[in-house]
Amino acid sequence: MNKFLRIFGSILLGFIGFQVVLRIFRRNLHFPAPPFITAALNSRFRERWQPPDVILERSRVTSGKKVLEVGCGGGFFLPAAARRVGANGKLYALDISPRMINIAQKYLFTRAPSHYESVDFINRSAYDLPFEDGALDVVYYIGSLMEIPQPAKALRVAYRVLKPGGTVSVTELLPDPDYPGVYRTAALLKATGYRIIDLSGNLFSYTVTGVKL
Ligand SMILES: C[S@@+](CC[C@H](N)C(=O)[O-])C[C@H]1O[C@@H](n2cnc3c(N)ncnc32)[C@H](O)[C@@H]1O
């Protein structure tokens, strides 16, 4: 028992120490996640830890909707999101990094080949969404909002492209070094004009959803 506690304590301390160092590093050096991180982001282990359908359900990604993922990275959520919106909906996947877009396209093709053609990939910044005002039903960010240097600016742009009644969802996941507390995320959404309609999940993976009034 003592040995078990020692091992558990060492792992916990190691994890906390690693988080502190990473967070200090990220606070001083802000850049988009490097593509090699997709080895972890797109892993089978993550499917159990953060099942895409659970997070997409919380994010209101449902059949027939026009949906945008901002900061799609290696595309971990795209196969499930494409299945969920179906033939009557439309899924857009945006990322600032061309290499991430490339990885996401390959991932989608491998995991959901029949949905590959239906997803539009957009290589742009989160501040530069190429949509008309009120064009979308859902905009969601998973582990990406706090990577964007001005998250409030990104949320205001998302507000413009959402329909009245459309939703924005922000999911944050540990051990992401940019992870903010749930109330900080909710305050950010409120400050940019959304009404909060749901806080769900737990400490390790939470989603805050707001609606455009
Ligand atoms: C940690 S990854 C998360 C990827 C994916 N959502 C997931 O959970 O697997 C964050 C992504 O946000 C993208 N990103 C960072 N800053 C961005 C910006 N200003 N505009 C658009 N995408 C951005 C990065 O290139 C990266 O692919």
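The legends below describe close-up views of a predicted model. Local features require pLDDT of at least 70 and side-chain atom pairs pLDDT 80 or more, whereas totals for chains, interfaces and linings use all residues. Residues are numbered from 1 along each chain as its sequence is written, and side-chain values use heavy atoms, with hydrogens and water left out.

View B. Polar contacts are pairs of N or O atoms within 3.5 Å. A polar side-chain atom of Arg46 lies 2.8 Å from a ligand oxygen atom. A backbone N or O atom of Gly71 is 2.9 Å from a nitrogen atom of the ligand, and a polar backbone atom of Ala126 is 2.9 Å from a ligand nitrogen atom. The protein buries 97% of the 600 Å² that the ligand exposes when taken alone (Shrake-Rupley method, 1.4 Å probe).

**View C. Helix 5 against helix 6.** The axes of helix 5 (residues 78–85) and helix 6 (residues 98–111) come within 9 Å and cross at roughly 60 degrees; axes are lines fitted to C-alpha atoms over the stretch in contact, with angles from 0 to 180 degrees between N-to-C directions. Helix 5 is therefore oblique to helix 6 (under 35 degrees is roughly parallel, over 145 roughly antiparallel, 65 to 115 roughly perpendicular and the rest oblique). Leu78, Pro79 and Arg83 of helix 5 meet Ala104, Tyr107, Leu108 and Arg111 of helix 6, with contact meaning heavy atoms within 4.5 Å.

**View D. The cis peptide bond at Pro175.** Leu174 and Pro175 are joined by a cis peptide bond with omega of about 10 degrees.

Definitions and conventions
A polar contact is a pair of N or O atoms within 3.5 Å; within protein, one must be able to donate a hydrogen and the other to accept it, and residues adjacent in sequence count only if both atoms are side-chain atoms. Helices (H or I, at least four residues) and strands (E, at least two) are DSSP runs, numbered from the N terminus.
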